[in-house]
Amino acid sequence: MTCKLQKHLTEERGFNLMLGFIIRPPHQLLSLLLCPGLRIPRLSVLCAQPRLRAMAVSSSSWELPLVAVCQVTSTPDKEQNFITCAELIREAARLGACLAFLPEAFDFIARNPEETLHLSEPLGGNLLGEYTQLARECGLWLSLGGFHERGQDWEQTQKIYNCHVILNNKGSVVATYRKTHLCDVEIPGQGPMHESNSTIPGPSLESPISTPAGKIGLAICYDMRFPELSLALVQAGAEILTYPSAFGSVTGPAHWEVLLRARAIESQCYVVAAAQCGRHHEKRASYGHSMVVDPWGTVVARCSEGPGLCLARIDLNYLRRLRQHLPVFQHRRPELYGHLGHPLS
């Protein structure tokens, strides 16, 4: 089948949006590796920075669930951050997405640990209430990729959790995951990061949650460096792995795409990574490059520079065919090297 690319580019409200449809790239080697008869997936890809008026698609492509990946530049201004995120969520709903992903620290990025603790809220606070109302208003599931949460132990610890929250289209909290691997690193040229100064590591992984796009395994940013986590999630049934992030300007170009594609390939899952971008304040900047990777390791959607969104369709039939033709999980030898990522209980 020939590959057609259709683009519609407009501007409105300070965002730019480019839409491209990629239909079965003609890679002969890939077709051979996947065995005769296994088709490369039909994917609708929307590459980013936002406002779309019209699009031409085949009816079959509309049968696949559409997800939106939002890219923002959070600051210490929580109110303005919400306005920006809400605009992108409403745009995602208008374009027909069933689920929108926001990056880590979508609520704010503070200048220091003291400001982080001061701006944090409990899950039952005003900010999550606004997102609950927004999910209901838009009829959209939301992945809130990293909320600065005052937990039940706040009074004792005076520290918070980095909490990934999933809201359904009724605005109910259906899953929460508290980041288990905290980023305490010192990268030359990027500045020190000591997340544990204000944050407590989460105690456990969470079982994948069923959504209109598929079963989602929850993680956050630095978690992507630990393949045991992704292997545990896929053995528990995950079809989509999420890594909402705020990657730095040095580790981003070197590791961001490589790690995301590796997690997709080894787990045979879709990987959705919403990212912070640009300069948040005088002390911090983020790499951006939000993307969606398919189970073969192909980047099927990617945000361009600046705040915006990208869209991709999730083809779970393709995922199942790939796992059938390349059954790596049946070929594992735990008697030789143990279980790398135990199935969740």
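User: Before we look at this predicted model, what counts as a salt bridge?

Analyst: Happy to start there! The pair needs a side-chain nitrogen of Lys or Arg and a carboxyl oxygen of Asp or Glu. The two atoms must lie within 4 Å.

User: How many residues apart are Arg302 and Glu257?

Analyst: Find each one in the chain. Arg302 sits in strand β18 (residues 299-302), while Glu257 belongs to helix α7. The pair links distant parts of the chain, and the separation is 45 residues.

User: What span does helix α7 reach from its first C-alpha to its last?

Analyst: Helix α7 covers residues 251-267, which is 17 residues. At 1.5 Å a residue, 24 Å is expected. The model comes close to that, with a span of 23 Å.

User: Within what arc do the buried residues of α7 fall?

Analyst: The buried residues of α7 include Trp256, Leu259, Leu260 and Arg263. In an α-helix, residues three or four places apart point the same way, because there are 3.6 residues a turn. Seen down the axis of α7, the buried residues line one face of the helix, so they fall within an arc of 125°.

User: Which exposed residues does the face of α7 turned away from its buried side carry?

Analyst: Exposed means a relative accessible area over 50%. On the face turned away from the buried side of α7, the exposed residues are Pro253 and Val258.

User: Are Lys179 and Glu104 buried or exposed?

Analyst: Their side chains meet in a salt bridge, 3.1 Å from N to O. Lys179 is in the loop between β8 and β9 and Glu104 in the loop between β5 and α3, so the pair ties together parts 75 residues apart in sequence. To be called buried, a residue needs under 20% relative accessible area. Both Lys179 and Glu104 are buried.

User: What is the relative accessible area of Glu282?

Analyst: Glu282 also takes part in a salt bridge, with Arg111, and their closest N and O atoms are 3.7 Å apart. Arg111 counts as partly exposed at 36% relative accessibility. Glu282, by contrast, is exposed, and its relative accessible area is 56%.

Methods
Residues numbered from 1 in each chain as written. Predicted model: local features only at pLDDT ≥ 70, side-chain atom pairs only at ≥ 80, totals over all residues. Heavy atoms only, no water. Helix = DSSP H or I, 4+ residues; strand = E, 2+ residues; numbered from the N terminus. Expected span 1.5 Å × (residues − 1). Buried < 20%, exposed > 50% of the residue type's maximum accessible area, 1.4 Å probe, protein only. Arc of directions from axis to C-beta.
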